[in-house]
Amino acid sequence: MAQHGFRPAVFVAALAAFAALSSAAFAQQELVVRDGKSEYAENCAVCHGDTGKGNGRLAEILTIPPPDLTQISKRNNGVFPFWHVYRTIDGEYPVKGHMFSPMPIWVERFGEDESKPGYMPAYVRMLVLVHYLESIQEK
C-alpha cells in the first residue's frame, strides 16, 4: 500500500523547476526592458529626457512641455496603466500637444521600418517600450 505524504525529493525537484522557470522569466523580462530602453533612447529621450523626467534637449522649445514619464503610476493611484500607455503611444488615445505637434504617432513611424532588415514589428517595438516605461516608475 502506497503512503501519501511529503516526499522531499519531489519537493526539491519541484522547487528547482520553479526556480529555473522564474530565472528564465526574469532573464526574458530583462531582455524586454533592455530592448525598450533602446527604443526609448532612440525615439523618446530627445523630448522626455534620458531618465524620463521630461527634460530632454528639445523640451524647452516645445509649446507643451513633455510629462515626467517616471510618474505615470503615481498619477494613476499607484497602478501602471499598461494598455492606456500603449494606446497613447500608438496614437489611439490623443494627448494634448500631440497630433500636429512634436510627438509622432509611433505606430506609423515604427510601421515604416517593418520591412527593413533587423526591425521588429511596430506592435512589438511599442510593447517593449511600454515595458521599459513601466520599469522606470518611481514609487
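Predicted model: local features only at pLDDT ≥ 70, side-chain atom pairs only at ≥ 80, totals over all residues.
1. In which loop is the place of Asn77? Asn77 sits in the loop between helix 3 and helix 4. The backbone here deserves attention: although Asn77 is not a glycine, its phi is positive, at about 55 degrees. Most residues other than glycine have a negative phi. Asn77 is also exposed, since its relative accessible area is 76%, and the cut-off for that class is over 50%.

2. The average pLDDT of the protein chain is 81, and 73% of the residues reach a score of at least 70. Confidence is highest in helix 3 (residues 72–75), with a value of 97. It is lowest in helix 5 (residues 106–111), where the mean is 72.

3. The largest nonpolar core contains 20 residues. Tyr40, Phe80, Val85, Ile89, Val130, Tyr132 and Leu133 are the residues with the most contacts inside this core. At least two core residues are supplied by each of helix 1 (8–43), helix 4 (82–89), helix 5 and helix 6 (122–135). Helix 6 provides the largest share, namely 6 residues. One of the contributing elements, helix 5, is also the helix in which confidence is lowest.

4. Aromatic residues form a second topic. The count of aromatic pairs comes to 4. In the pair of Phe80 and Phe82, the ring centres lie 6.5 Å apart and the planes meet at 70 degrees, so the arrangement is edge-to-face. The rings of Phe82 and Trp83 are likewise edge-to-face, because their planes stand at 75 degrees, with the centres 5.0 Å apart; the cut-off for this class is over 60 degrees. Phe80, Phe82, Trp83 and Tyr86 together make up one aromatic cluster.

5. For Phe82 the relative accessibility is 15%, so it counts as buried, the limit being under 20%. Trp83, by contrast, is exposed, with a relative accessible area of 53%.

6. Asp90 is buried, because its relative accessible area is 11%. The side chain of Asp90 is joined to that of Arg87 by a polar contact of 2.9 Å.

Methods: Residues numbered from 1 in each chain as written. Heavy atoms only, no water. pLDDT = per-residue confidence, 0-100. Helix = DSSP H or I, 4+ residues; strand = E, 2+ residues; numbered from the N terminus. Core = buried A, V, L, I, M, F, W, Y, C linked by side-chain atoms within 4.5 Å. Buried < 20%, exposed > 50% of the residue type's maximum accessible area, 1.4 Å probe, protein only. Polar contact = N/O pair within 3.5 Å; in protein donor to acceptor, adjacent residues only side chain to side chain. Phe/Tyr/Trp six-rings, centres within 6.5 Å; stacked < 30°, edge-to-face > 60°.
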